[in-house]
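Here is a short briefing to read with the model open beside you. Take it topic by topic, and look up each residue as you go.

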Amino acid sequence: MKTNMVHAGSMTIGGDSPIVVQTMCNTHTSDVDASVAQCVRLYEAGAQIIRLTVPSPAQVESLREIKARLRSKGIDTPLVADVHFSSEIAIAAAEVVEKVRINPGNFHKDHDKAREQFAKLVEVCKANGTAIRIGLNHGSLGERITNLYGNTPLAMKEAVMEWLRMCVENDFYNVVVSLKASNTYVMVEAYRLLAKEMQETGVVFPLHLGVTEAGNGDGGRIKSAVGISALLSEGIGNTIRVSLTEDPENEIPVAQYLADRYDRKLNSTMVSLVLEGKKAVATYAAPSRERLLLDFACDFGKRLLDKELDEVVLCGTYIDEGKEIVLDGSDYAEYLTDELMQAARRRFYRPEYIACPGCGRTMYNLESTFNEVKLRTSHLKGMVIAVMGCIVNGPGEMADADWGYVGEGNRKVSIYKGKTPVLRHVPEEEAIDRLLELIENDR
Ligand code: SF4
């Protein structure tokens, strides 16, 4: 899809540009040393745009310092300020970094007030050549929109279109849009609806793709690849982030694979495909485990999501530690197929996890907690369990989770049932036990 061109410092997004790979720091932005060190590692790993969270005005100053130190090292990777809840912080950050991400769900509830705040932000962005990402998430749709359209892909598209119309009214086009969800079906449909509507209106903003709260490990990679590749294969998407609840450096090779594949720099390692009605038998000769997983997710994710296929049988070989491993009939082939079916929301063989990637707002060791929650809840097939890094955005972003584990800070945790907090201020050491007790008592 042909889009406008957006400029964020040295980087061009959209137009005829290749797909841009981005990620986000999980350091505290006020810890300038740690943030600079992580930005350097992310740059070296291949990140082309790096986002940092800006929870308060003090972090705008940290951001200024981080940027200056990176530039003095010759690293000109554009930085993005991730701002929630405060248009004042967004305006201050727009004078410092190349791009500001705002969450429209967090702007003033009064529409006229929000318009006014946005117009001020646009003015500063125009004066400084700063880009904006309008980053709407499924979990943080406003009440007005959900009352009109439900909690649906259509609601996401309608909500963001209001903001894109404001951009046009303000004659501001240096804008990228995202409509992320942790549910791959919702995410893909929302972007498709938006792409169609933008093409009809004739003003086509570039799109930033991502599956939010995708989790970690194989599941997180497969889920991200299914959602992002479904859209990239249709020519939708100009910049991508693979959100993993892991060190952000681990996100880059997965995102780079997706960018290269859909910029046509590499092909799938599938060597044969036999179709029998809605069943596919796919044979691979993959050079590594990770490559097999990503090729498989990209080759079949969209077809499963769109119900063109109902079943895929994985065969062939991959190389692991120099040895050729045969997939035909193996437990590993069955596991990868189960993961793919779950990521495409066709069959749930384990709980569905929603885990944020963590950022400078994270209140505890998210990665190890998430792994422990996964281990201890693995029997709860079909249940949706969220593990979120902070109480500020976590509850709003958990979307349709049945249960949520949310960090409060000060080694305390809140436990949510759906959208309702049922236990607050639980000491971290007891929180997983309490969560499991609540789930068991509820069954
Ligand atoms: S929910 Fe997670 S990723 Fe989102 S702001 Fe909070 S800590 Fe950061």
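Does T269 count as buried or exposed? At 14% relative accessibility, T269 counts as buried, where buried means under 20% relative accessible area, exposed over 50%, and partly exposed in between (1.4 Å probe, protein chains only). A word on the ground rules: this is a predicted model, in which local features need pLDDT of at least 70 and side-chain atom pairs count only at pLDDT 80 or more, while totals for chains, interfaces and linings use all residues. Residues are numbered from 1 along each chain as its sequence is written, and side-chain values use heavy atoms, with hydrogens and water left out.

**Domains**

- The domain assignment gives domain 1 (5-262), domain 2 (270-343) and domain 3 (352-442); such bounds come from an automatic or database domain assignment.
- Between the centres of domain 2 and domain 3, taken over C-alpha atoms, there are 32 Å.

**Nonpolar cores**

- The largest nonpolar core has 111 residues, a core being a set of buried Ala, Val, Leu, Ile, Met, Phe, Trp, Tyr and Cys residues joined through side-chain atoms within 4.5 Å.
- Domain 1 (5-262) and domain 2 (270-343) each give at least three residues to this core.
- F118, I134, L258 and F300 are the residues with the most contacts inside this core.
- Leaving aside neighbours within four places in sequence, F300 is in contact (heavy atoms within 4.5 Å) with M270, L273, A280, A282, Y284, L309, V312 and L340.
- A second, separate core of 29 residues includes I354, Y364, L366 and I432.
- As background, nonpolar side chains tend to be buried together in soluble globular proteins.

- L340 has its place in helix 11; helices (H or I, at least four residues) and strands (E, at least two) are DSSP runs, numbered from the N terminus.
- With 1% relative accessibility, L340 counts as buried.
- Not counting residues up to four places away in sequence, L340 touches I222, V226, F296, A297, F300, G301 and L304.
- L340 and E290 are 50 residues apart along the chain, and their C-alpha atoms are separated by 14 Å.
- M161 lies in helix 6 (residues 153-169) and counts as buried at 5% relative accessibility.
- The contacts of M161, leaving aside neighbours within four places in sequence, are L194, E197, M198 and T201.
- From M161 to S10, 151 residues apart along the chain, the C-alpha atoms are separated by 28 Å.

- T269 sits in the loop between helix 9 (251-262) and strand 11 (270-276).
- T269 touches T283, Y284, A285, A286, P287, R291 and D295, not counting residues up to four places away in sequence.
- One of these, A285, is 16 residues from T269 in sequence and 5.8 Å away in space, C-alpha to C-alpha.
- M383 is found in the loop between helix 12 and strand 16 (384-388), and M383 is buried, with a relative accessible area of 16%.
- M383 touches P351, E352, D402, W403, I439 and R443, with residues up to four places away in sequence not counted.
- M383 and E352 are 6.0 Å apart in space, C-alpha to C-alpha, and 31 residues apart in sequence.

**Helix 12 against helix 14**

- Helix 12 (residues 366-377) and helix 14 (residues 428-442) pack at an angle of about 35°, with axes 11 Å apart; axes are lines fitted to C-alpha atoms, for helices over the stretch in contact, and angles run from 0 to 180 degrees between N-to-C directions.
- T369, E372, V373, R376 and T377 in helix 12 meet I432, D433 and L436 in helix 14.
- By class, this contact of helix 12 with helix 14 has three nonpolar, two polar and three charged residues; Ala, Val, Leu, Ile, Met, Phe, Trp, Tyr, Cys and Pro count as nonpolar, Asp, Glu, Lys and Arg as charged, and the others, Gly among them, as polar.

**Positive phi values**

- Most residues other than glycine have a negative phi.
- E213, a residue other than glycine, has a positive phi near 45°.
- E213 is in the loop between strand 9 (208-209) and helix 8 (217-232), and E213 is buried, with a relative accessible area of 7%.
- R345 is not a glycine either, yet has a positive phi of about 60°.
- R345 lies in the loop between helix 11 (331-343) and strand 15 (352-355), and R345 is partly exposed at a relative accessible area of 28%.
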